[in-house]
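Dear colleague,

Please find below the structure that I am handing over to you, followed by an account of what was found in it. I would be grateful if you read the two side by side.

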Amino acid sequence: MTPLSVVIITFNEEQNIGNCLQSVKAVADEIVVVDSFSTDHTRQIAGQYGARVIQKEFGGHIAQKNLAVSLASYPHILSLDADECLSDELIQSIVHLKSNWQHDGYFINRLTSFCGHWVRHSGWYPDRKLRLFDRNKGTFSGTNPHDRFELQAGSSSGRIRGNLLHYTADSEAGYRAKMERYADIAAAAMHRQNKTISLPMLYLKTAAAFLRNYVLRLGFLDGNTGWKVCTISAGYTFQKYAKLRKLNSDGRS
């Protein structure tokens with residue numbers, strides 16, 4: 001039986017962390033929570049579920065997740081966000097996998113809830129994430145806030161059945177605010193990488209983001225919810241590049 005460490009990064013997640021930890025009880029041999037000095041009851045709730053809680057100033061999603069992975073006692077890792085839970089089918093798949101581990105990493109489909117509605121199109125599903133892996137075979141990378149675990153060349157990957165249930169937003173206003181924060185983070189990361197974008201390309205990318213998700217990825221089949229998430233996603237694209245242009249302009253000034 002392969003022991004499994006579940007690792008989670010948190011900041012003020014008292015509304016979500018209990019459900020997340022409850023869902024991993026059947027598969028976790030250890031739970032590690034790296035908390036960015038939450039001011040709510042996140043740490044206390046995590047402790048009630050037997051998690052080992054380490055506090056660390058937030059250094060970006062990628063660095064924080066790599067730290068959490070490094071602190072785990074076991075090399076085989078399930079990495080979750082605090083607003084994610086395991087479906088019953090996914091729990092059973094992981095239980096089976098622990099006695100039959102064959103690949104270096106496994107992709108899991110993520111199903112997201114927006115204001116109480118599951119979004120099955122709009123570029124939001126299946127949204128495959130490599131969250132179950134041998135930490136010796138890769139590392140988190142990407143551009144903040146969009147982290148991803150990347151396996152080393154020559155590593156093998158597979159898929160397992162079941163969904164990561166992602167409770168991303170209880171309200172439209174809350175989700176819009178979250179996307180604005182993410183746009184700030186993404187713009188700052190691109191600015192540090194000396195990236196630039198022209199004004200025409202900003203509008204082109206925004207329009208393309210909407211058409212890709214609403215038309216090509218069948219967002220219209222998600223009804224009113226699909227319209228909302230596709231427009232918000234396009235708005236996020238506009239904001240991050242507009243903020244990048246402002247940062248570049250301020251830098252030149």
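The buried residues of helix α4 pack against α1 (17-24) and against the strands β4 (76-81), β5 (84-86), β6 (105-114), β8 (129-134) and β11 (157-169). Please bear in mind throughout that this is a predicted model. Within α4 (residues 88-98), the buried positions are Leu 90, Ile 91, Ser 93, Ile 94, Leu 97 and Lys 98. They lie on the same side of α4, because the arc they cover around the axis is only 165°. Asp 88 and Gln 92 are exposed and sit on the face of α4 turned away from that buried side.

Strand β4, one of the partners of α4, is largely enclosed by the rest of the structure, since 6 of its 6 residues are buried. In a regular strand the side chains alternate between the two faces of the sheet. Here both faces are covered: His 76, Leu 78 and Leu 80 are buried on one side, and Ile 77, Ser 79 and Asp 81 on the other. Strand β1 (residues 5-10) runs parallel to β4 and is joined to it by 5 bridges, whereas β8 pairs with β4 in the antiparallel sense over 3 bridges. Ile 77 stands opposite Ser 5 and also opposite Phe 133 in β8.

Asp 81 of β4 leads on to the charged pairs. The structure holds 17 salt bridges. In one of them the side chains of Asp 81 and Lys 65 meet at 2.8 Å, N to O. This pair links distant parts of the chain, as Asp 81 is in strand β4 and Lys 65 in helix α3 (residues 61-71), 16 residues apart. Both partners count as buried, Asp 81 at 18% relative accessibility and Lys 65 at 3%. They belong to a network of salt bridges that also includes Glu 84, Arg 110, Asp 127, Lys 129, Arg 131 and Asp 147.

Lys 243 and Asp 184 meet through their side chains at 2.9 Å, N to O. Lys 243 lies in helix α7 and Asp 184 in helix α5, so the pair ties together parts 59 residues apart in sequence. Arg 176 forms a salt bridge with Glu 172, with the closest N and O atoms 3.0 Å apart; these two residues are 4 residues apart in α5 and are thus separated by about one helical turn. Arg 176 is partly exposed, with a relative accessible area of 39%.

His 166 lies in strand β11 and is buried, its relative accessible area being 8%. Among the residues it touches are Asp 83, Glu 84, Arg 110 and Trp 118. Although His 166 and Leu 86 are 80 residues apart in sequence, their C-alpha atoms are 8.9 Å apart in space.

Finally, a search of the whole structure finds 13 aromatic pairs. Phe 114 and Tyr 175 form an edge-to-face pair, 5.5 Å centre to centre with 85° between the planes. Phe 114 lies in strand β6 and Tyr 175 in helix α5 (residues 172-192), so parts 61 residues apart in sequence are tied together. Phe 114 counts as buried at 2% relative accessibility, and Tyr 175 counts as buried at 6%. The pair of Phe 210 and Trp 227 is also edge-to-face, because the ring centres are 5.4 Å apart and the planes stand at 80°.

With kind regards

Definitions and conventions
Residues numbered from 1 in each chain as written. Predicted model: local features only at pLDDT ≥ 70, side-chain atom pairs only at ≥ 80, totals over all residues. Heavy atoms only, no water. Buried < 20%, exposed > 50% of the residue type's maximum accessible area, 1.4 Å probe, protein only. Arc of directions from axis to C-beta. Contact = heavy atoms within 4.5 Å. Phe/Tyr/Trp six-rings, centres within 6.5 Å; stacked < 30°, edge-to-face > 60°. Pairing = 2+ DSSP bridges. Salt bridge = Lys/Arg side-chain N within 4 Å of Asp/Glu carboxyl O. Lists of a residue's contacts leave out its neighbours within four places in sequence.
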